[in-house]
Amino acid sequence: MNELIEKTEKLKVSIDKADVVKEYKKSKEKIERNKEFISKIELYKESDNKKIKEEIINNKEYRDYKKKETDVNLLILEINHELKKISNKGKCIK
């Protein structure tokens, strides 16, 4: 059991070091530091204004962030797919 925990920890560390994850984190931090943009998001949440939504969606930093978020989600799906293949080994298929 210790070996499984150890390997899981190594996997978490290597995922954290992956370029796609690093780029996502940088992009997210950049968005979070942009107080004007965060204010715009808060305003949109309160008002549901279509014009503000469009401004948010058309923001270059936001589009970049969402693309990187998608890349991370694809990585997660890929990892889950591989883990499912591993966990199905040795089981009887009916």
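Predicted model: local features only at pLDDT ≥ 70, side-chain atom pairs only at ≥ 80, totals over all residues.
I looked up aspartate 64 and located this residue in helix α5, residues 60–88; helices are DSSP runs of H or I with at least four residues, numbered from the N terminus. Residues are numbered from 1 along each chain, and side-chain values use heavy atoms, without hydrogens or water.

I noted aspartate 64 as partly exposed because its relative accessibility is 30% (buried is under 20%, exposed over 50%, partly exposed in between; 1.4 Å probe, protein chains only). Its C-alpha lies 9.8 Å from that of isoleucine 31, at a separation of 33 residues in sequence.

I then checked isoleucine 31. Beyond its neighbours within four places in sequence, isoleucine 31 contacts Phe37, Ile38, Glu61, Tyr62 and Tyr65 (contact: heavy atoms within 4.5 Å). Ile31 also belongs to the largest nonpolar core, with Tyr24, Phe37, Tyr44, Ile52, Ile56, Tyr65 and Val72, eight residues in all. Such a core joins buried Ala, Val, Leu, Ile, Met, Phe, Trp, Tyr and Cys residues through side-chain atoms within 4.5 Å. Helices α2, α3 (35–47), α4 (50–57) and α5 each give this core at least two residues.

Last, I examined α1 (residues 2–17) against α2 (residues 19–33): the angle is about 60 degrees and the axes are 5 Å apart. Axes are lines fitted to C-alpha atoms over the stretch in contact, with angles from 0 to 180 degrees between N-to-C directions. I recorded Ile15, Asp16 and Lys17 of α1 meeting Asp19, Val21, Lys22 and Lys25 of α2.
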